[in-house]
Amino acid sequence: MGFLAILNAYTMRICLSITITEMAYPIKHNYTDDTCEMPESKTRESNITGEARYDWDEQTQGIILSSFYWGYVITHLPGGMLAEKFGGKYSLILSTAIFTLLTPVVVKWGEHNGLIVLRILMGLGEGTTFPALNAMLAQWTPPEERSVIGSMVFAGAQLGTVVANLLSGLIIHYYSWPAVFYVFGGLGALWFFVWVLICYNNPYEHPFISEREVKYLHERMNEHTHTKPPSVPWRHMLSSVPIWALIAAQVGHDWGFFTMVTDLPKYMSSVLHYSIKDNGFVSALPYLVMWFCSLGSSWLADWMITRNIMSRTNVRKLGTTIASVGPGVFIIAASYASCDKTLVVAMFTIGMALMGTFYPGMKVNGLDLSPNYSGTLMALVNGIGAFTGIITPYIVGVLTPEQTLGQWRIVFWIVFGVFILTNVIFVIYASGEVQEWNDPDFVTKDREERRRRKQQKKQKVPEKA
């Protein structure tokens with residue numbers, strides 16, 4: 001159900017990326033050596049009249065696609081803190097599905113301004129998803145199984161992207177773009193009602209769990225995981241070097257992932273001129289392969305840790321390095337493959353497959369560092385990383401007004417540079433070990449000590465005459 005939570009969240013978030021190619025009028029190309037010739041079939045498809053299209057230029061589309069993240073970054077931190085205090089179950093709310101269902105009505109009424117407001121509201125509702133699930137994973141997953149279980153849950157992002165791109169292309173081809181939002185909004189609402197009925201915050205609240213499983217989870221996790229830890233030790237968390245290394249890795253991952261997730265359908269449509277039906281398939285393929293890679297590498301990561309072949313810290317660093325350097329190289333290669341559609345799709349697919357090792361790398365690293373405060377930690381790390389979702393679509397809109405190969409090449413070089421810089425920081429400073437401030441006794445003693453020192457300091461100050 002955690003996997004389906006993220007899958008549904010991503011279908012509702014991502015479906016606009018391919019749908020907007022049919023909502024807006026296509027770019028009028030003046031063909032040069034830096035553009036690909038539009039096939040006759042694509043020209044005929046562009047002339048078919050159906051649902052209303054809107055005169056949104058590339059910069060306007062960039063703002064629309066980034067607006068989701070304006071709301072998304074706001075609710076991460078409160079969502080994580082609420083999940084730790086009350087549990088993550090009800091931090092996953094229904095609003096995103098409702099706003100998705102309302103999208104066609106709002107676009108018809110308010111065009112791009114209405115859509116921007118709606119996407120901000122969707123982001124506000126979805127910002128709690130990752131922190132809430134991380135808090136629940138900390139209660140349900142033993143340390144030696146976190147790579148596999150965490151990656152299986154977070155891999156919903158890849159499968160959600162696959163489903164969103166593939167089904168959106170087919171739905172638009174056979175029906176119309178409003179139907180995309182009705183389908184994914186309806187599935188999101190259905191998931192929520194099942195989630196409320198069958199899922200619980202921790203093993204101790206679950207009415208149907210066996211005593212054997214409760215005992216097993218308690219024995220494996222009671223040392224570092226507590227159901228009611230003290231309030232968040234912000235001073236220690238914000239001064240922790242491994243935390244800032246993790247934030248750097250998250251920024252690198254999100255910069256590359258959000259650029260591809262948000263704008264790959266536009267590249268396939270506006271640069272390579274794939275039809276809407278084929279665009280859905282070729283935009284989905286890289287994420288399908290990425291999903292398989294994330295699961296395989298996660299199993300390998302846990303195997304290496306349990307067999308003491310490599311330390312947990314080095315496993316996290318290795319996975320993150322592969323997921324940074326590999327995609328960066330192949331995305332650049334795709335941009336130099338020009339109009340060779342087969343080669344471009346192959347390069348993107350290999351690059352995104354290698355990005356799958358981010359999940360047993362930095363994506364589960366927050367659970368290593370602090371199981372007790374994993375919700376807040378995920379909120380902090382994912383929330384800062386999500387700012388890239390605001391920046392990258394806008395950068396693409398500004399840098400690619402004519403959708404030429406050269407303009408997109410600049411975008412991909414920027415992605416490569418961010419990948420390398422953030423990975424270097426992670427490799428130097430990251431850790432896979434539980435931090436001392438995760439221990440409630442340490443937090444309590446530290447606060448008492450600081451209170452005692454403060455009291456002593458007050459007593460030493462002479463009273464004024």
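Colleague: Which residue does R13 pair with in a salt bridge?
Modeller: E126 is the partner of R13, with the closest N and O atoms 3.1 Å apart. A salt bridge here is a side-chain nitrogen of Lys or Arg within 4 Å of a carboxyl oxygen of Asp or Glu. This is a predicted model: local features need pLDDT of at least 70, side-chain atom pairs count only at pLDDT 80 or more, and totals for chains, interfaces and linings use all residues. Numbering starts from 1 along each chain as its sequence is written, and side-chain values use heavy atoms, without hydrogens and water.

Colleague: Where do R13 and E126 sit?
Modeller: R13 is in helix α1 (residues 2–23) and E126 is in helix α5 (residues 95–126).

Colleague: How many salt bridges in the whole structure?
Modeller: The search finds 5.

Colleague: Switching to domains. Where are the bounds?
Modeller: Domain 1 is 1–25 + 50–221, and domain 2 is 235–464. The bounds come from an automatic or database domain assignment. The C-alpha centres of the two are 18 Å apart.

Colleague: How many residues does each put into the contact?
Modeller: Domain 1 gives 53 and domain 2 gives 57, with contact meaning heavy atoms within 4.5 Å.

Colleague: What area is buried there?
Modeller: About 4,600 Å², with 68% from carbon and sulfur atoms. That is the accessible area (1.4 Å probe) the two parts lose on being put together, summed over both. E58, R146 and Q158 supply 14% of what domain 1 buries against domain 2, more than any other three residues.

Colleague: How many salt bridges between the domains?
Modeller: The count is 1. E58 also forms a salt bridge with K266, the closest N and O atoms being 2.9 Å apart.

Key: Helix = DSSP H or I, 4+ residues; strand = E, 2+ residues; numbered from the N terminus.
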